[in-house]
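Here are a few notes to go with your first look at this one. Have the viewer open and follow along point by point.

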Amino acid sequence: MGFIKKAGGNFRPKKSAVQFMVDELAKRDYSTRQLTEKLQSKGYDREEVESAIEKVLEWGYLDDRRVAKNFWRFHYEGHRYSVSRIIQKLREKGFAADVVSEITSDYDDEALTERDRLVAERLARARFGGRLAEVVPEDEPGQEETGKGKNRRPDWQTIAAFLYRRGFSDRVCRQVATEILQTGG
């Protein structure tokens with residue numbers, strides 16, 4: 001066990017990897033990979049980290065399936081991201097492919113696509129709705145040529161690109177952009 005120098009020049013014992021993990025898990029949920037990376041970045045050696053991971057798994061403090069399901073539910077019900085973006089975020093956090101596929105297996109493809117369409121429509125209307133319905137005043141002369149300007153009425157490509165950057169499929173982007181422009185916001 002090492003020591004850490006405190007602000008007043010005093011030394012205190014460094015926490016064990018298990019103590020550190022329990023403290024971190026008391027604050028929020030982590031995936032096994034996230035917690036492993038965090039401990040290694042704090043200077044704990046690989047063997048101590050692996051031993052600590054085994055202990056907290058045994059105690060039930062660390063559960064990738066539970067954490068992944070909670071993450072999925074929060075973002076799926078939050079209606080801010082596409083299904084593919086949520087899956088991407090789960091993978092970035094280090095959840096195994098089998099955990100991710102287990103979560104999404106509860107939904108059929110039609111339900112996920114319809115959910116994405118509704119979320120994309122809501123996001124696009126929130127972003128562009130006011131500019132679609134009103135008559136747009138002329139911008140500065142230099143902006144007419146470039147087609148830029150905050151007051152410009154968005155075109156199909158602008159709406160589709162906005163949605164595509166948020167992880168929605170080509171099909172959903174095209175469908176929502178067309179529908180929004182046809183209904184005028």
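1. How many aromatic pairs does the count come to? Six, going by the ring-pairing rule. Keep in mind that this is a predicted model. The points below take up two of these pairs and then move on to other spots.

2. Start with Trp-72 and Tyr-107, which make a tilted aromatic pair: the centres are 5.7 Å apart and the planes sit at 45 degrees. This pair links distant parts of the chain, since Trp-72 belongs to helix α4 while Tyr-107 is in the loop between α6 and α7, 35 residues away. Tyr-107, at 29%, is partly exposed.

3. Tyr-107 also pairs with Tyr-76, again in a tilted arrangement, with 5.0 Å from centre to centre and 40 degrees between the planes. Here too distant parts of the chain are linked: Tyr-76 is in helix α4, and 31 residues separate it from Tyr-107 in the α6–α7 loop. Tyr-76 has a relative accessible area of 14%, so it is buried, the cut-off being under 20%. Put together, the ring pairs join Trp-72, Tyr-76 and Tyr-107 into a cluster.

4. While you're at Tyr-76, look for Arg-115. It lies over the face of the Tyr-76 ring, 4.6 Å from the ring centre. There's another arginine over a tyrosine elsewhere: the charged end of Arg-28 sits over the ring of Tyr-30, at 3.9 Å from its centre.

5. Glu-24 is part of helix α1, residues 17-27. Is Glu-24 buried or exposed? With a relative accessibility of 6%, Glu-24 counts as buried. Its side chain has a polar contact of 3.2 Å with the side chain of Lys-38.

6. Last, have a look at helix α6, which covers residues 97-104. Which of its residues are buried? They are Val-99, Val-100, Ile-103 and Thr-104. Looking down the α6 axis, you'll find these buried residues within an arc of 125 degrees, so they line one face of the helix. As for what they pack against, the buried residues of α6 meet α4 (64-78) and α5 (83-92).

Definitions and conventions:
Residues numbered from 1 in each chain as written. Predicted model: local features only at pLDDT ≥ 70, side-chain atom pairs only at ≥ 80, totals over all residues. Heavy atoms only, no water. Buried < 20%, exposed > 50% of the residue type's maximum accessible area, 1.4 Å probe, protein only. Helix = DSSP H or I, 4+ residues; strand = E, 2+ residues; numbered from the N terminus. Arc of directions from axis to C-beta. Contact = heavy atoms within 4.5 Å. Polar contact = N/O pair within 3.5 Å; in protein donor to acceptor, adjacent residues only side chain to side chain. Phe/Tyr/Trp six-rings, centres within 6.5 Å; stacked < 30°, edge-to-face > 60°. Lys NZ or Arg CZ within 6 Å of the ring centre and 35° of its normal.
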